[in-house]
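Welcome! Please take a moment with the sequence and the 3D view before reading on.

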Amino acid sequence: MRRGIAATALVASLALAATACGGDGDSGDSAGGPVTITWWDTSNATNEAPTYQALVKEFEAANKDIKVEYVNVPFDQAQNKFDTAAGASGAPDVLRSEVGWTPAFAKKGFFLPLDGTDALAEQDKFKPNLIEQAKYEGKTYGVPFTTDTLAFVYNKELFEKAGVEAPKTWDDLKKAAATIKDKTGVDGYWGSTAGYYAQPFLYGEGTDMVDADAKKVTVRSPEAQKAYGTWLDLFDGKGLHKADVTADAYTHIQDAFVNGKVASIIQGPWEITNFYKGSAFKDKNNLGIVPVPAGSTGTAGAPTGGHNLSVYAGSGKDKQAAALKFVNFMTSAKAQETIALKNSTLPTRDDAYTGKVKADPGIAGYQTVLSAAQPRPALPEYSSLWGPLDDELPQIASGKKSLDKGLGDVETAIAKLVPDFSK
């Protein structure tokens, strides 16, 4: 899950059609020449892409027989673009795929199973839960590239001025927010109305939007209603910022936090570099990072996000071999260390958390909360389930719909996405 990424220049858009390859059963290159593969990278074109482009050049220098055509595709467009391209046998050979896309594309036969291939030659080096999240029906369809989760991030200076500690429960947060407002004049917490950011409230009550094993829609269960009720309460009270339901809500919340106008938010590690650009975190050590508060079950939980590198099943054998070698290089400990140092993203393998990497307090902080991250069920439709929540939660938070009515509409919409599930 990432911040909305601005569209790239027109030339990059045109390059999608020009450089998409594969599906023709051979290398597609002139005899004796290097094998050319295409990689669609879905990272932020400004903050992250330069690091990946430099690694591509490093790979090509070490592998003269392989050329990598790099294309940066806006994240919010990539899923549909790949779905369309793969269906027409014209997809890129390698995709930086959000973890939630894996089961859907694997089910359609678009991804190559990677078990026993060069891409997973060092499988035991990766965090087991991330390998598990790259599986569908027992086969592995991606190599973990970056990982993330949501954490409670806070301004240590403001919390210290108010004499409060980072909250362990949502009730603790309400009390802390009121004290921070009294002692500093700054709101203590600003929540999001996006469905993904409400996920920790569900986990804190021991539930989810659906029960994939039981094939049941649970977004309106008693546990879920309690979870969303807690979420809703955090928009109303002393030190609790009211809900922002505008199109620019994400930016408003983020900018307020990094500039010290609100003391805490729920956020992911993809914003580490942007945290440091704000006036409140010129001293990086002022950034506090702890697990999200726990619900009534006493357990804190946040969604596991991130990206895998997957190989297109429709590419020719020569291209697949080259793509597997490229994926192995990009997910190596050395490459992941480089990416972490340059982009402040979280590695997916333990041997990439070197002393240099953990010297970044943001990365070190998020590493400590990964144990609270919960993997998503291997349900092809799962990522689409947040769509109805994104439509309804802002209406609930703004008072346009009651909680019961809004969740009822979410339940109806989700039931259409998973028609074989019961309510």
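Here is a short tour of some strands, helix pairs and loop residues.

## Before we start

This is a predicted model, in which local features need pLDDT of at least 70 and side-chain atom pairs count only at pLDDT 80 or more, while totals for chains, interfaces and linings use all residues. Residues are numbered from 1 along each chain as its sequence is written, and side-chain values use heavy atoms, with hydrogens and water left out.

Helices (H or I, at least four residues) and strands (E, at least two) are DSSP runs, numbered from the N terminus.

## A covered strand and its partner

Let us begin with strand β1, residues 35–41, which is mostly covered: seven of its seven residues are buried. Buried means under 20% relative accessible area, with exposed over 50% and partly exposed in between (1.4 Å probe, protein chains only). In a regular strand the side chains alternate between the two faces of the sheet. Here Val 35, Ile 37, Trp 39 and Asp 41 point one way from β1, with Thr 36, Thr 38 and Trp 40 pointing the other way.

Strand β2 (residues 66–72) pairs with β1 in the parallel sense over seven bridges; two strands pair if DSSP finds at least two bridges between them. In this pairing, Trp 40 stands opposite Val 71 in β2.

## An open sheet with a helix on it

Another place to look is an open sheet of three strands, ordered β10-β7-β11 with antiparallel pairing. Its edges are β10 (264–267) and β11 (287–290), each with a single partner strand, so one side of each has no neighbour in the sheet. From one strand to the next, the twist averages 30°.

Strand β7 (residues 151–155) is joined to β10 by four bridges, and Phe 152 has Ile 266 in β10 as its bridge partner. Helix α15 (residues 361–369) packs on this sheet and touches β7, β10 and β11; the direction of α15 makes about 15° with that of β11.

## Two helix pairs

Two packed helices are described by the angle between their axes and the distance between the axes. Axes are lines fitted to C-alpha atoms, for helices over the stretch in contact, and angles run from 0 to 180 degrees between N-to-C directions. For helix α2 (residues 49–62) and helix α12 (residues 317–330), the axes come within 11 Å and cross at roughly 120°. That makes α2 oblique to α12; angles under 35 degrees count as roughly parallel, over 145 as roughly antiparallel, 65 to 115 as roughly perpendicular and the rest as oblique. Tyr 52, Leu 55, Val 56, Glu 58 and Phe 59 in α2 meet Lys 325, Phe 326, Phe 329 and Met 330 in α12.

The axes of α9 and helix α16 (residues 386–397) come within 10 Å and cross at roughly 55°, so α9 and α16 are oblique to each other. In this contact (heavy atoms within 4.5 Å), Tyr 228, Trp 231 and Leu 232 of α9 meet Leu 389, Leu 393, Ile 396 and Ala 397 of α16.

## Two buried loop residues

Where is Thr 218 found? Thr 218 lies in the loop between β9 (216–217) and α9 (222–233), and counts as buried at 10% relative accessibility. Not counting residues up to four places away in sequence, Thr 218 touches residues including Thr 207, Asp 208 and Ala 224.

Val 73 has its place in the loop between β2 and α3 (75–87) and is buried, with a relative accessible area of 0%. Val 73 and Ala 45 are 28 residues apart in sequence and, C-alpha to C-alpha, 8.3 Å apart in space.
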